[in-house]
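Here is a short briefing to keep beside the viewer.

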Amino acid sequence: MKTSLYSLLFLLLLFNGSCTNDADSERPLLVLANTEWELQEATLTGRGTVEVPGSSTSVPVSIDGVGQDYDMSLTFSDGDQLVAATGSFVFDVSVSALGVPLQSEEIPVEGVEIFSGNWELIGDELVITDNEEVVKLEVVDNSESMLKLKGVIDASDFERLQEEGLTVSESSIEIVLVK
């Protein structure tokens, strides 16, 4: 009886260990060469501080942005490894401190400002180089018809908001592209 119980446990462990879960399986191979993608979604998050007028006190702020008016596509070429973006979208960016809205602004984004230059896929990172500027985006998820990317945004991209005492300490963007 003990032998049968041990044999049954061994078979259960063997069977359980040999099964794969869909969540554990790898994403499909990402092929960017000779493809065109449309921007479907863009979100922005960040943190920073804002100086209280008339004092030297700074208050922590959160920055949130949601894309709208999407009319942008990206084309990845093969031989010369160039990526070209056409079109634009608008970021509706809001800044709040302690849950209180401080500022809101619509910021137009031209595709060529972010996505133009030579591209290279290094592991799970899409690297776009244009002259001396380098954009690195992590491939968060992908399928044959969807590509989700996430990356850090340079604080200088917030120049329009920083004029009013805002200092951005960190920010990131997440975008979803579809074929």
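Accessible areas here come from the Shrake-Rupley method with a 1.4 Å probe. On that basis, the protein exposes about 11400 Å² of accessible surface, and carbon and sulfur atoms own 53% of that area. Please keep in mind that this is a predicted model. The points below go from the whole chain to single residues.

**Overall layout**
- The protein has three helices and nine strands.
- Along the sequence, these elements come in the order α-β-β-β-β-α-β-β-β-β-α-β.
- Of the 179 residues in the protein, 33% are buried.

- The mean pLDDT of the protein is 82, and 80% of the residues reach at least 70.
- Among the elements, strand 8 (residues 146-152) has the highest mean pLDDT, 95, while helix 1 (residues 2-18) has the lowest, 39.
- Residues 1-24 remain under 50 in pLDDT, and the model gives this stretch zero contacts beyond four places in sequence.
- Where pLDDT is low, predicted coordinates should not be read in detail.

- Strand 3 and strand 4 are antiparallel and are joined by 10 bridges.
- Leu-98 sits in the loop that links strand 3 (82-97) to strand 4 (100-110).
- Is Leu-98 buried or exposed? Leu-98 has a relative accessible area of 75%, so this residue counts as exposed.
- In space, the C-alpha atoms of Leu-98 and Val-59 are 8.5 Å apart, although 39 residues separate the two in sequence.

- Thr-35 belongs to strand 1 (residues 35-51).
- Why does Thr-35 count as buried? The reason is its relative accessibility of 11%, as the cut-off for buried is under 20%.
- A polar contact of 2.9 Å connects the side chains of Thr-35 and Trp-37.
- Leaving aside residues up to four places away in sequence, Thr-35 touches Leu-74, Thr-75, Phe-76 and Lys-179.

**Aromatic pairs**
- How many aromatic pairs does the structure hold? There are three aromatic pairs in the structure.
- Phe-76 and Trp-119 make an edge-to-face pair, with 5.5 Å from centre to centre and 90° between the planes.
- Because Phe-76 lies in strand 2 (residues 58-76) and Trp-119 in strand 5 (residues 116-122), their pair ties together parts that are 43 residues apart in sequence.
- Phe-76 has a relative accessible area of 1%, so it is buried.
- Trp-119 is buried too, with a relative accessible area of 7%.
- The ring centres of Phe-89 and Phe-91 are 5.1 Å apart and their planes meet at 75°, which means that this pair is edge-to-face.
- Phe-89 and Phe-91 are both buried.
- Together with Tyr-70, Phe-89 and Phe-91 make up one aromatic cluster.

Definitions and conventions:
Residues numbered from 1 in each chain as written. Heavy atoms only, no water. Helix = DSSP H or I, 4+ residues; strand = E, 2+ residues; numbered from the N terminus. Buried < 20%, exposed > 50% of the residue type's maximum accessible area, 1.4 Å probe, protein only. pLDDT = per-residue confidence, 0-100. Contact = heavy atoms within 4.5 Å. Polar contact = N/O pair within 3.5 Å; in protein donor to acceptor, adjacent residues only side chain to side chain. Pairing = 2+ DSSP bridges. Phe/Tyr/Trp six-rings, centres within 6.5 Å; stacked < 30°, edge-to-face > 60°.
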